[in-house]
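Please examine the sequence and the three-dimensional model shown below.

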Amino acid sequence: MLMEDLKACGFPDILIQSWKDSVGDTLLPLQEKAIREFDLLGQSNLIISAPTSSGKTFCGEIAMARALTAGRKAVYLVPLKALAEERYHDFQQKYARLGLKTIISTGDRRKHDFAFQRGDFDLAVVIFEKFSQLLTRNLDILSLIDLILIDELQMIGDSGRGSSLELLLLKIKVARYNCRLVGLSAVLSSSGDLANWLSAGLLTSSYRPVDLYQGVLWQGRFDYRSYNSGQIGSELVLDDDNLAPEDQLLRSVVNFIETGEKVLVFLKSRVSCQYFAESITDMVEPLRADDAIKALSSGDRTGLGDKLIELLEYGVAFHHADLSFEQRRILEHGFRAGKIRVIFATTTLAMGLNLPAGVVFLEPFKFAPGCYHKRLLAHHLNWSEYENMCGRAGRLRYTDRPGKALLLVNSEFEKEVIWNKFMLGKPSEFEGHLAQKSTADLMLDLVASGCCRTLDDVAGALQKSFSRAPFMDEDIKEACEFCYKRNFIVDREGACESTALGDTIAGYGISCATADQFLALLARSSDLNEACWLYELVTSGEMTDRARFSVHGRLEDVRLKQIQDDLKSHGLVEGFSLEQ
């Protein structure tokens, strides 16, 4: 099916030409199948479950463009701010010329929030948690929205953030408005369960237009399996099988660079990213990334920025959360342009990186908190994280050669374990995590949004969740009493109604426990300095729960010492640490 054929579907010539310039003249098999067999241009809900680089993102864009060109509004949901920024700039470039207004709403981008609440937009790009908050403040905005597109829908099974995505989808399901849902997901075993929950059709595919060799690198040899055919193969990357894992990685990256490949290396820590980026400059010839150096030099100069400029003299960079959005954008542009040869990036930012590479190296681990303590530990990547990182290699329209994704291991035993898990294994079943949220938080959110007016409404809504969350009537009654006592909710003629205080708490995504802690603090004293407030904030349950997403290392030791001394003067030192 040709891109030109979409003119018959009512898409304007200027948009068709824009798609031709960015995507090509021909639709991929997945995209054609979605249009011809799965009503992509219609009104029914749909989930597209397919591997990275299969073309599912453009399927979503076609559905979104269909709504926009019919004069209706669309919302594009993404899990990360970096991904939201990328989509926003891309859509601005494509749709502004058509007279369509695109806005963005994230924790850092709030200037468009009032426009969103008024419906003053055609297309809104929003991150999951922010959209949930916006719906809590004004659920009636759904009456103006024709299509909600959820990118990375498999995140509903994530133990950390899945509950937020599930809650916002639950509110959409319970609401009286009939918004169309289109979800884009990695290949997962539970896609059928998710499709049933959303009353959606399910289009699945396991084919990549450009093949991908996924395997394990050990003692200089890359043993791999073809994504499309399943065929097993082996390739000698290094002729020295006695190298330490660290030297093996560096030497292998250099070998691929020398053959003209662009390389991404995903590591579990920021320290490792900077260490390896600095180490490899001793092994490669200088190759200045002039545009990136110029852009970084003209911006705000920081210690990390100056270090990047040194590395860019060799076409090398690191990429992690301590960099500003603008710094990351400059590096990503330099990599896509071919001026940066290798980027060492953290696994936590992998989902937000839309960088086509020839070769990807990745550690099979990430840092994440455990169930009983917030201290970070090394855990295996889950299946969707693994596929997402591997999928950066072998991207259509950038190469016709199979991409290579090499897992890094430290022993023969670990090689066998990782091979069996990722090459011979399959996506595991996944489940919802709504029960991880407190019943009080769920109740207040559902009441504040207007979804629920009684305890029976709350119980009924939770029964409709993807998790089928096991909340008992006693749990709901206890949560209701908690909210009543703290004036988050009041009884209006037998119905639950949130107060202005409750609306504020739910509308900004603050937990009931944290709100209760701050209210108690206000009741004790009205004469608290900034240091005391800082202490209360960083020791609150809300901040502890979000610690895994926070950025550490931005405050200098001197400033932290000043804060600690201030806290000591008020007798508040318990639990406070200078550890970053």
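The structure considered here is a predicted model. Where might empty space remain inside a folded chain? Rolling a probe the size of a water molecule over the atoms shows where empty space is left. A search of the whole structure finds one cavity of 30 Å³ or more. The space in this largest cavity amounts to about 40 Å³. Its lining is formed by Gly-42, Gln-43, Ala-63, Arg-66, Ala-67, Arg-72, Asp-146, Leu-147 and Arg-180. Two elements each give two or more residues to this lining, namely helix H3 (56–69) and strand E5 (145–150). Helix H3 gives the most, with three residues.

The aromatic rings may be considered next. The count of aromatic pairs in the model comes to 16. One of these pairs joins Phe-222 and Tyr-224, whose ring centres are 5.3 Å apart. The planes of these two rings make an angle of 35 degrees, and the pair is classed as tilted. Are these two residues buried or exposed? Both Phe-222 and Tyr-224 are buried.

A further tilted pair is formed by Trp-383 and Phe-422, with 6.3 Å from centre to centre and 35 degrees between the planes. This pair links distant parts of the chain, since Trp-383 lies in helix H14 (residues 383–390) and Phe-422 in helix H15 (residues 412–423), 39 residues apart. Trp-383 and Phe-422 are both buried. Elsewhere, ring pairs link Phe-11, Trp-19 and Phe-58 into a cluster.

The charged end of Lys-73 sits over the ring of Phe-121, at 5.3 Å from the ring centre. Likewise, the charged end of Arg-137 sits over the ring of Tyr-508, at 4.3 Å from the centre of that ring.

Why is Gln-248 described as buried? A residue counts as buried when its relative accessible area is under 20%. Gln-248 has a relative accessible area of 4%, and it is therefore classed as buried. Which residues does Gln-248 contact, if its neighbours within four places in sequence are left aside? They are Leu-217, Trp-218, Gln-219, Gly-220, Leu-238 and Leu-243.

Technical notes
Residues numbered from 1 in each chain as written. Predicted model: local features only at pLDDT ≥ 70, side-chain atom pairs only at ≥ 80, totals over all residues. Heavy atoms only, no water. 1 Å grid on protein atoms, 1.4 Å probe; cavity = no way out; pocket = protein on both sides within 12 Å on 5 of 7 lines; lining within 4 Å. Points joined across faces, edges and corners; volume = space filled by probe spheres on them. Helix = DSSP H or I, 4+ residues; strand = E, 2+ residues; numbered from the N terminus. Phe/Tyr/Trp six-rings, centres within 6.5 Å; stacked < 30°, edge-to-face > 60°. Buried < 20%, exposed > 50% of the residue type's maximum accessible area, 1.4 Å probe, protein only. Lys NZ or Arg CZ within 6 Å of the ring centre and 35° of its normal. Contact = heavy atoms within 4.5 Å.
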